[in-house]
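Here is a briefing on one helix pair and a few charged contacts. Look over the sequence and the model first.

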Amino acid sequence: AEEAVALDEVRVGRHFAAKLLRETPSWEYDKFMAALREAFIVPMEPRGEMLGGLGLVEASRRFGRDHREIVSFPASAMPSDPEARFRALFAQRKFWSKSELQPYLHGLRRPVGTSEDAVVSRWTRSFHPDGDKDKELMYFKRW
């Protein structure tokens, strides 16, 4: 009898996303998602969570049209020192949503007994866009 194997779609997606971003560090969003879909061995749909800590979706307006691209920004290449890491993050972009920032906190060196939230609070300020607590928390540099 054949045995079924279950794939972790996010891990598979992250594997292929990392490979694509190593080969080409900047992609038009739709072309990247199409290339990622083609790279999958089995039918799966690419999802944003597959990029966490590998690349960023950057939005801009060009020639009167909205444009999105995916750029390589691997968390694995970032310093483990909190000050250096947050400087690198805020050099890349001024504001980070909580969900965008989260993958970049893994591997961050912190004193024993200090929570991830305490380290984030030390190096950032946060706010809810438009003061609306239903909107995702945004972070910006403290210094």
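Buried means under 20% relative accessible area, exposed means over 50%, and partly exposed lies in between (1.4 Å probe, protein chains only). By that scale Glu83 is partly exposed, at 34%. This is a predicted model: local features need pLDDT of at least 70, side-chain atom pairs count only at pLDDT 80 or more, and totals for chains, interfaces and linings use all residues. Residues are numbered from 1 along each chain as its sequence is written, and side-chain values use heavy atoms, leaving out hydrogens and water.

**Helix packing**
- Helix H3 (residues 82-92) packs on helix H5 (residues 116-123) at about 65 degrees, with the axes 10 Å apart.
- Axes are lines fitted to C-alpha atoms, for helices over the stretch in contact, and angles run from 0 to 180 degrees between N-to-C directions.
- Helices are DSSP runs (H or I, at least four residues), numbered from the N terminus.
- Pro82, Glu83, Phe86 and Phe90 of H3 meet Val119, Val120 and Trp123 of H5 (contact: heavy atoms within 4.5 Å).

**Salt bridges**
- The whole structure holds twelve salt bridges (a side-chain nitrogen of Lys or Arg within 4 Å of a carboxyl oxygen of Asp or Glu).
- Glu83 also pairs with Arg87, with the closest N and O atoms 3.2 Å apart. The two sit four residues apart in H3, so about one helical turn separates them.
- Arg87 is partly exposed, at 41%.
- Glu23 bridges to Lys19 at 2.9 Å between the closest N and O atoms.
- A network of salt bridges links Glu9, Arg47 and Glu49.
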